Amino acid sequence: MTRTTNPHTRHGPVAVLGLGTMGSGLATRLLAQGVQVRVWNRTPERTEPLARAGAVAAGRPSEAVEGTTAAICTVADGDALGAVLHGPDGVLARGDYPGSLICASTVAPDEVVRLAGDVPSVMDVGMLGNRDHARDGELRLFVGGEERVFTAGRPLLDMLGKEVVHLGALGSGMRMKLLLNLLMGIEVQAMAEAAELAAATGLDKQLVLKTIAGSGFASPVMSFKSRRLATGRFDEPDFRLRLMAKDLMLATEQASAAGLSLPLTAAAATTHVRATEQGLGDKDCAAVTRAVTPEPGTHT
């Protein structure tokens, strides 16, 4: 991939709508590259650190996108994306958005198409990486949308990611993102189950996790998440468990619509939903381990 030397010189202000883990990282990256950034978040206090760093904070999505050439939506789910785009103060409340609309929220692929409507320049972008990757421009970005829209938006995407792949029509980016999150959800749950079985059968859980992380069986994400499982610290999440549960459910719905049976995905979705019902939804997704941990005094 060829990286653009100074991509910010080809862009006017960029709006970032939704300042969770990834949105904040993207906004920080853009500011570091000299781009003018306008930000909005449902809870305004999250805009304050970025405003101190030079971003312009707006009270409404419609205000945030005024005068911008691109708007990046990084909200949590389809309902939030619908409100940001079509709500009374939404991006499209006053008609078409003239810039490039980038939907980076993980939602059902068909929902992206429905919510985008007739917007002339729209892409859906599945982002692979964590907050540090977003901040440092090291994401992997998987993009759906018309070729002309992708070509026009490529310099901005190159600024945000070390790998940018155009997959095809609108919705393709979300399909890839759901596949990747499907793998992560299953892998982390499998490692959590192995660690809990180790503890229940008398092995040293810390040693088992260290062995798994250093083995040929471990993916990079498993090696990364093994540290959370070893310490049992799930605060300050890299990826919230409730979002993983949502994405696994979306993947099962996609499979059902395609006439496929995905037993591992369905099982992982059930476990993650159960974990959210236990109050773990805002913990890191590795907290799924607590959904397979036996209650004190019970045997499995």
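Begin by selecting strand β5: Ser100 and Ile102 point one way from the strand, Leu101 and Cys103 point the other way, and all are buried. The model on display is a predicted one. In a regular strand, side chains alternate between the two faces of the sheet.

Four bridges join β4 to β5, and the two run parallel. Ala70 is the residue that stands opposite Ser100 in β5.

**The whole sheet**

Now extend the selection to every strand. Eight strands form an open sheet with mixed pairing, and their order is β3-β2-β1-β4-β5-β6-β7-β8. The edge strands are β3 (56–57) and β8 (161–168), each of which pairs on one side only.

Which way do the side chains of β1 point? In this strand, residues 14–17, Val14 and Val16 point one way, Ala15 and Leu17 point the other way, and all are buried. Strand β2, residues 37–40, is joined to β1 by four bridges, and these strands run parallel. To inspect one of the pairs, select Ala15 together with Arg38, its bridge partner in β2.

Strand β7 covers residues 139–144; six bridges join it to β8, and the two run parallel. Phe142 has Val165 in β8 as its bridge partner. Helix α8, residues 172–200, packs on the sheet and touches β5 (100–103), β6 (122–128), β7 and β8. The direction of α8 makes about 15 degrees with that of β6.

**Helix α5**

Select residues 109–116, which form helix α5. Which of its residues are buried? They are Pro109, Glu111, Val112, Leu115 and Ala116. Viewed down the axis of α5, these buried residues fall within an arc of 160 degrees, so they line one face of the helix. An α-helix has 3.6 residues a turn, so residues three or four places apart point the same way. Asp110 and Arg114, on the other side of α5, are exposed.

To see what the buried residues of α5 pack against, display α4 (78–86), β6, α8 and α11 (241–257). After the helix comes Gly117, with a positive phi near 60 degrees.

**A residue in a loop**

Proceed to the loop between α10 (220–231) and α11, where Glu236 is found. Its phi is near 50 degrees, a positive value in a residue other than glycine. Is Glu236 buried or exposed? The relative accessible area of Glu236 is 66%, above the 50% cut-off, so this residue is exposed.

**The complete chain**

Along its principal axes, the C-alpha trace spans about 60 × 45 × 35 Å.

The chain exposes about 14,200 Å², of which carbon and sulfur atoms supply 54%. Among contacts between residues at least 6 apart in sequence, 63% join residues at least 24 apart.

Methods
Residues are numbered from 1 along each chain as its sequence is written. This is a predicted model: local features need pLDDT of at least 70, side-chain atom pairs count only at pLDDT 80 or more; totals for chains, interfaces and linings use all residues. Side-chain values use heavy atoms; hydrogens and water are left out. Two strands pair if DSSP finds at least two bridges between them. Contact means heavy atoms within 4.5 Å. Axes are lines fitted to C-alpha atoms, for helices over the stretch in contact, and angles run from 0 to 180 degrees between N-to-C directions. Accessible areas come from the Shrake-Rupley method with a 1.4 Å probe; for residues, only the protein chains shown count as cover. Buried means under 20% relative accessible area, exposed over 50%, partly exposed in between (1.4 Å probe, protein chains only). The arc is that of the directions from the helix axis to the C-beta atoms.
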